[in-house]
Amino acid sequence: MTADSRLPAAADAASSTWGSTRPAGHDAGVPQRSASAVEFEACHPAFALRALLAIQGVLTVGAGLLAQTWAQALALLGPLLAAGLVGTLLWLVVLCALRRPLQRAAPGVRLAAGLTLAGALAVLACLPLVALDLFAWSVPRALALPLAGAALAAPLMAWLEARARARRPADASARLAELQARIRPHFLFNALNTAIALVRVEPARAEAVLEDLAELFRVALAEPRPATTLADEIELAQRYLAIEQLRFGDRLRVEWELDPAAGAALMPPLVLQPLVENAVRHGIEGARGGGVLRVRTRARRGQAEVAIDNTVAGGPPNPGHGIALANVRERLRLLHDVGAQFDARRDGDRYRVRIVVPL
């Protein structure tokens with residue numbers, strides 16, 4: 001059935017739902033965050049935790065190697081762990097505070113700055129121990145401390161640089177895969193057919209369809225960005241589903257349960273649209289009576305949760321190739337590392353996708 005033959009039913013059904021799919025002032029009350037803040041991962045909680053655990057582990061092993069008895073090991077371990085904790089925390093705080101100039105600097109400059117800072121803070125962290133007579137000061141130690149601090153920081157800085165290098169090609173390939181999966185020729189054909197048919201009977205709604213379609217293409221073909229907000233992703237998904245509701249009519253029923261407090265969470269660009277497209281294509285399109293698509297967001301305990309679920313027609317599932325799901329999972333991992341959760345599964349007669357990211 002073509003878009004033209006379905007149009008009268010689609011237009012009548014969409015008249016009651018069009019307003020619900022339009023963006024409803026998502027910016028109100030939602031603080032906007034700069035996407036550039038995530039480009040330098042020294043500020044990432046997962047990196048800080050790994051740095052603390054790694055350095056404390058190395059110092060624990062070092063205390064065991066230097067000591068000849070358990071008593072000596074315990075006597076060394078306390079001061080070493082205290083100095084390591086203070087020095088690591090100071091290094092992380094200063095590195096995060098300098099993220100903007102560092103992310104504009106060359107990789108070699110970033111590495112030199114990180115190692116120099118670590119060496120200086122290693123000496124600074126030991127000064128309280130010297131004052132408390134818990135650490136004997138000597139010329140060899142004065143020379144060895146900054147070298148030890150730089151040596152401990154070197155693998156951490158190398159890991160940051162490796163993450164930065166890995167993200168660029170991954171983002172580029174993910175973007176190309178998304179463009180292929182997202183802007184399918186049949187969707188463009190159907191959307192344009194809907195707009196053409198509406199021009200004669202309801203020009204205002206035809207204009208709205210073209211505006212939504214133009215916005216989808218504007219975002220899809222824009223310059224790559226490291227991140228956007230969940231509120232912007234919701235708006236784009238609303239525009240996409242507004243067009244699909246005109247196309248499918250009352251066969252597609254969309255329910256929104258949005259928490260404005262979750263709108264500030266950072267997301268990879270164009271993550272939600274492929275997920276709702278999958279829901280329409282694999283869950284609604286093939287069902288004789290259509291189905292229900294539900295999108296929910298909520299903020300709790302410093303995290304933003306997005307849940308997308310749709311009804312699935314009876315019979316064997318139509319899973320597709322899984323490109324969009326793998327794409328979303330990888331991009332969330334690159335942006336938020338272990339701070340992001342993603343799972344997708346069929347649960348009876350519904351298919352559920354859940355995303356959790358830091359807020």
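Let me start with one term: a residue counts as buried under 20% relative accessible area, as exposed over 50%, and as partly exposed in between. Please also keep in mind that this is a predicted model.

Take leucine 152 and apply those cut-offs. Its relative accessible area is 23%, so leucine 152 is partly exposed. Where does leucine 152 sit? Its place is in helix α6. What does leucine 152 touch, leaving aside its neighbours within four places in sequence? The answer is Ile55, Val58 and Leu59. Look at isoleucine 55 in particular.

Now step back to the whole chain. It has 11 helices and 7 strands. There are 359 residues, and 46% of them count as buried. Then the contacts. Consider those between residues at least 6 apart in sequence: 78% of them join residues at least 24 apart.

On to helix packing. Two packed helices are described by the angle between their axes and the distance between the axes.

First up, α2 and α3. They pack at about 155 degrees, and their axes are 9 Å apart. Angles over 145 degrees count as roughly antiparallel, so α2 and α3 are roughly antiparallel to each other. The crossing of α2 past α3 is right-handed. Who makes the contact? From α2 the residues include Phe47, Ala51, Ile55 and Leu59. From α3 they include Leu77, Leu81, Leu85 and Trp91. By class, this contact of α2 with α3 divides into 17 nonpolar and 4 polar residues, with no charged ones.

Next, α3 with α5. Helix α3 covers residues 70–97 and helix α5 covers residues 107–131. Their angle is about 140 degrees, and the axes are 8 Å apart. What does that angle make them? They are therefore oblique to each other. Their crossing is right-handed. On the α3 side, the contact residues include Pro79, Ala83, Val86 and Trp91. On the α5 side, they include Gly114, Leu117, Leu121 and Cys126. The classes here are 14 nonpolar, 2 polar and no charged residues.

The crossing of α10 past α11 is left-handed. Pro274, Leu275 and Asn278 from α10 meet Ala324, Leu325 and Val328 from α11. By class, that gives 5 nonpolar, 1 polar and no charged residues.

Now the aromatics. How many aromatic pairs does the structure hold? It holds 2.

Tryptophan 159 is in helix α6 and phenylalanine 47 in helix α2, so here the parts tied together are 112 residues apart in sequence.

Buried or exposed? Phenylalanine 47 counts as buried because its relative accessibility is 2%. Tryptophan 159 counts as partly exposed because its value is 30%. Together, Phe47, Trp91 and Trp159 form one aromatic cluster.

Last topic: backbone angles. Two residues to look at.

Leucine 270 has a phi near 60 degrees, a positive value in a residue other than glycine. Find it in the loop between β3 and α10. Its relative accessibility is 1%, so leucine 270 counts as buried.

Arginine 301 also is not a glycine, and its phi is positive, about 50 degrees. Find this one in the loop between β4 and β5. Arginine 301 counts as exposed because its relative accessibility is 73%.

That's my list. Over to you for discussion.

Definitions and conventions
Residues numbered from 1 in each chain as written. Predicted model: local features only at pLDDT ≥ 70, side-chain atom pairs only at ≥ 80, totals over all residues. Heavy atoms only, no water. Axes fitted to C-alpha atoms, helices over the stretch in contact; angles between N-to-C directions. Helix = DSSP H or I, 4+ residues; strand = E, 2+ residues; numbered from the N terminus. Parallel < 35°, antiparallel > 145°, perpendicular 65-115°, else oblique. Left-handed = near helix turned anticlockwise from the far one by under 90°. Contact = heavy atoms within 4.5 Å. Nonpolar A, V, L, I, M, F, W, Y, C, P; charged D, E, K, R; others polar. Phe/Tyr/Trp six-rings, centres within 6.5 Å; stacked < 30°, edge-to-face > 60°. Buried < 20%, exposed > 50% of the residue type's maximum accessible area, 1.4 Å probe, protein only.
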